[in-house]
Amino acid sequence: WRGREGAPYSTLVPSDEVTVNYRHGLPVITLLLPTRGERCQFTVKPVVTTVGAFLQDVQREDKGIERAEVFATDGSKFSDATLMEVLLMNDFKLVINNTAYSVSPPVKDKLSSEHATEMEDIKSLVHRLFVALHLEEHQIRKERELLQKLDHLKGELLPLEQMKARITDSADAKTSRLLWVGLALMSTQGGALAWLTWWVYSWDIMEPVTYFITYGSAMAFYAYFVLTRQDYIYPLAKDRQFLHYFYRKSKKQRFNVERYNKLKDDLAEAEESLRRLRQPLHLRLPIQEIKD
């Protein structure tokens, strides 16, 4: 018998040094601890215990064990994630330090189909009982975690919200001033054209002027579309100008917009999780306990 590197083990111990017996339906593995020199029994749960967990228990019991592995009879190594139920189906070799123990588990009688169905029903019932007994405790603990997370996020958002409010007010004021300036310029242009048409020149002279002013406005709107890929619609243009002022002001005051948006998304996600969690809580717990 050889290890993974092909080097032979120092000793190959017969199967009676490591025994496997079933007690109350659970396999009990008895082996001799090399350092302590005493036999120790390990009761495993085959459906949930893995090979890695079993080997960790052995090494935890005897600190002098530096190496513990399990191999099949053909020399292939069992992974730590393999269930003990699979391992105990066939013969295997348990390697502790440089000693290989040959293990022959007893053949366990196969359950009848009726008995297997009953066992599955019992497992399902136990699972439902576990959920019923621990669900409320888990939900309350999860609710407290979400509330703590909400308080933490709100504490981080508070100074950012205050800074954002100041930047928003400034950007909104600048945008409003720009709109009023645009209205004033259009009113001035209309008044100037009317004065030139009726008091200075005639319509025959001013008609080409108004044509080129209209054509120039159309070119300006087209240039806006080329640059922004958006139609010149007044609400959209206002929002675009507002964002321009907002980001420029944010950069000056070192307001981290990305971090603010990330915190807002986390806050919304936590609030939604809390809302979904509290719905079954209202069905199971008194209102006072939920408020507390």
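A residue is called partly exposed when its relative accessible area lies between the limit for buried, under 20%, and the limit for exposed, over 50%. With a relative accessible area of 23%, Arg 67 is therefore partly exposed. That assignment, like those that follow, is computed from a predicted model.

The protein chain contains 7 helices and 7 strands. Read from the N terminus, its elements follow the order β-β-β-β-α-β-α-β-β-α-α-α-α-α. The chain has 292 residues, of which 26% count as buried.

Strand S6, residues 92–96, is mostly covered, with 5 of its 5 residues buried. In a regular strand, side chains alternate between the two faces of the sheet. In S6, Phe 92, Leu 94 and Ile 96 point one way, while Lys 93 and Val 95 point the other way, and all are buried. S6 has pairing partners in S5 and S7. Strand S5, residues 68–72, runs antiparallel to S6 and is joined to it by 5 bridges. Strand S7, residues 99–103, also pairs with S6 in the antiparallel sense, over 5 bridges. Leu 94 illustrates both pairings: it is the bridge partner of Val 70, and its own bridge partner in S7 is Tyr 101. Between S6 and S7 the hairpin has 2 residues, and there Asn 97 takes a positive phi near 55°.

Charged side chains provide a second view of the fold. Side chains of opposite charge can pair when their charged atoms come close. For a salt bridge, a side-chain nitrogen of Lys or Arg must lie within 4 Å of a carboxyl oxygen of Asp or Glu. By this rule the model has 6 salt bridges.

One of these joins the side chains of Arg 60 and Asp 57, with an N to O distance of 2.7 Å. Both residues belong to helix H1, residues 51–61, and because they are 3 residues apart there, about one helical turn separates them. Arg 60 counts as partly exposed at 49% relative accessibility, and Asp 57 is likewise partly exposed, at 32%.

Whereas Arg 67 is partly exposed, Glu 69 is buried, with a relative accessible area of 7%.

A further salt bridge links Lys 264 to Glu 161, whose closest N and O atoms are 3.3 Å apart. Lys 264 lies in helix H6, residues 257–284, and Glu 161 in helix H3, residues 113–200, so this pair ties together parts that are 103 residues apart in sequence. Lys 264 is partly exposed, with a relative accessible area of 33%, and Glu 161 is partly exposed at 28%.

In an unreviewed entry, UniProt lists residues 178–197 and residues 209–227 under "transmembrane region". In the model, residues 178–197 are 100% helix and 0% strand, and the end C-alpha atoms of this span lie 28 Å apart. Residues 209–227 are likewise 100% helix and 0% strand, with end C-alpha atoms 27 Å apart.

The second largest pocket has a volume of about 710 Å³. It is lined by 20 residues, and the closest to its centre are Leu 178, Leu 179, Gly 182, Tyr 232 and Tyr 234. H3, helix H4 (203–228) and H5 are the elements that give two or more residues to this lining. The most comes from H3, with 9 residues.

The buried residues in H5 are Ala 237, Phe 242, Tyr 245, Phe 246 and Ser 250. Just after H5, Arg 254 takes a positive phi of about 60°.

Notes:
Residues are numbered from 1 along each chain as its sequence is written. This is a predicted model: local features need pLDDT of at least 70, side-chain atom pairs count only at pLDDT 80 or more; totals for chains, interfaces and linings use all residues. Side-chain values use heavy atoms; hydrogens and water are left out. Buried means under 20% relative accessible area, exposed over 50%, partly exposed in between (1.4 Å probe, protein chains only). Helices (H or I, at least four residues) and strands (E, at least two) are DSSP runs, numbered from the N terminus. Two strands pair if DSSP finds at least two bridges between them. UniProt positions are given in the numbering used here, feature names are shortened, and annotations may be inferred rather than shown by experiment. On a 1 Å grid over the protein atoms alone, a cavity is a set of points where a 1.4 Å probe fits but cannot get out, and a pocket is an open set with protein on both sides within 12 Å along at least five of seven lines; lining residues have an atom within 4 Å of a point. Grid points are joined across faces, edges and corners, and a volume is the space filled by probe spheres set on the points.
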